[in-house]
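Open the structure in your viewer and keep the selection panel at hand. Here is a tour, stop by stop.

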Amino acid sequence: MIKKKIAFIALASVMSLSVLSACSSNNKNNGTASPSSSASPSSEGSSSPEKKEDPLKFSMYYADNATLPFKEDWPVIQEVKKRYNVDITFEPIPIADYLTKVSLALNTGNNAPDVILYQQIKGENASLALNGAIVPISDYSDWTPNFNARVKEFGLENQVDSLKLKDGKRYNLPSLYDKPFYDGGLILRQDLLEKYQLPAPKTFDDLYTVLKKFKQENPDSYPLTILAGPRVLYRMTMPSFGISVGKNGADGSRTLSWDYANQTYFPGAISDQYKEYMTFFSKLYAEGLLDPEMADPIDGDKWSQKLATGKSFASYAYYDQIGGVAGAATEDGFKLQMYPPLAGPAGAHHQQKSSTGSGIIFPKKTANRPDFERLVKTIDEIFFSEEGAKLWCLGVEGQSYTMDGDKIKYADDIVNSPNGIYKEMQLKYGAGNDVTQLVWVNAREMTKYDENYGQINATVAAMDNAIQAIPPTPMFDDMIAEEAASLQTPLYDAFEVWADGFITGKKSLTNDWDKYVKEMKTLQIDKFTQLYNDNLK
């Protein structure tokens, strides 16, 4: 029986921070794959045409981001429904509430959809999987030939195999990347660097100098603003300090971090590295260099306006967002640029990334559908076939792009959009969306960006391990996963309260640090760490 633990908090983070790449080449085979048992009946020897199957109907959870609001009429969505003979009922859920909604559906079994997008099998999901709430999709590998082919094509057999739980089964169809690339980081006003005769920052000390100058010249500004709350800032900057903690921490624990040199977990939330990190950013906050609205999620429009109107001059965000901000700028000569990761005490590192990411899960009840085989094969075809992957990546040929030999030519409205190619394709066509695009090929994705972006990526690729690998996931059985989840919840709750206090100055890193560490130890962060280390492969 499935254990109904509504209070679980997921140990896994939803990465956003997602790696931007692309998809595979076109496949002319239209139509869905379906099992032979589901084939339309026809009389033997009859000359009458074979009757077409009715559309396959199923429901799907979709993680909805305010910066890219879901649209039922996106051309990609409409083409998928037509091309694969499906009738999909999407349920868009605000991304901030997504984990809670998914948790409730899986724990209770009530009102669960047939398919859930944007999921990993870590933390609570791992426990739920081992308790039977999620279908072990690896048991049906014969029904996912397109997924299997992409895994082999990208050489990801070991990475995908590592996603199995202690029972030896894999419970999701993860997104697949041929290689990670640098999709976002420090973005700031290059025109002001030139105006104030400042060199491009290469370290966090350099960034402090730049922000101080911006503030000096514009006293009413908050030079560094935040996109979507602190989580984007934290996940892009913490690795240079040797940690990754919080809601979008790399390993999903939210309070632990991975020691790459010693290949072990340590309590990152109470480490000297974390204290040094918070000391730096609390200084920015105290000196008016960091946007005081950072504690609240800043939606894309508000964030864009802050930068476009000179209320802020720098942020941590994604390259595809530069075009939209520049298009709304109110100052002559306005120019934003993205810079490689800044060096901190642990080196110059961006957020960790993997060759596999969030993907598809099937709730237990879905396996009871009489057409379950057809559903799995259709999902595999829609998201992982060469044709389907190209559709999610580039949109509909003849609408968003055409082919000139082997060269992609984007539609004029896309090329000329102030949002830039990548963002305009997302907003207008529904292509390049990391919730639904599950096959990513770097070379193809780079066609959506300008030469400048390619140069930035080349610089980052030449750096020493600028993008580190995602830490390994411990292999919890259901009992240990439940124990870990029960420890994780109060630890993270306490961490969040203290983090806000430290960065805003409501708590002193000098006077209150020991009290904070004592509280976290009382909440058994050391035991939590030990559980992670004891259950590594």
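Of the contacts (heavy atoms within 4.5 Å) between residues at least 6 apart in sequence, 77% join residues at least 24 apart. This is a predicted model: local features need pLDDT of at least 70, side-chain atom pairs count only at pLDDT 80 or more, and totals for chains, interfaces and linings use all residues. Residues are numbered from 1 along each chain as its sequence is written, and side-chain values use heavy atoms, with hydrogens and water left out.

**Whole chain.** Color by pLDDT, the predictor's confidence in each residue, from 0 to 100. The average is 89, and 90% of the residues score at least 70. Now select residues 1-49. Here pLDDT stays under 50. The model still has 168 contacts beyond four places in sequence for this stretch.

Switch to cartoon. The protein has 20 helices and 18 strands. These are DSSP runs, numbered from the N terminus: helices are H or I, at least four residues, and strands are E, at least two. Of the 537 residues, 56% are buried (under 20% relative accessible area; exposed is over 50%, partly exposed in between; 1.4 Å probe, protein chains only).

Two strands pair if DSSP finds at least two bridges between them. Strand 6 runs parallel to strand 9 (314-318), with 2 bridges. Click Leu224: its bridge partner in strand 9 is Ala314.

Move to strand 15 (401-404) and strand 16 (407-410). They pair antiparallel over 4 bridges. Thr402 stands opposite Lys409. Which face of strand 16 is covered? The one with Ile408 and Tyr410; Lys407 and Lys409 are on the uncovered face.

**Ser417.** Last stop: the loop between helix 14 (412-415) and helix 15 (421-429), where Ser417 lies. Ser417 counts as buried because its relative accessibility is 12%. Show its side chain. It reaches the backbone nitrogen of Asn419 at 3.1 Å. The Ser417 side chain also makes a polar contact with the side chain of Glu424, at 2.9 Å. A polar contact is a pair of N or O atoms within 3.5 Å; within protein, one must be able to donate a hydrogen and the other to accept it, and residues adjacent in sequence count only if both atoms are side-chain atoms.
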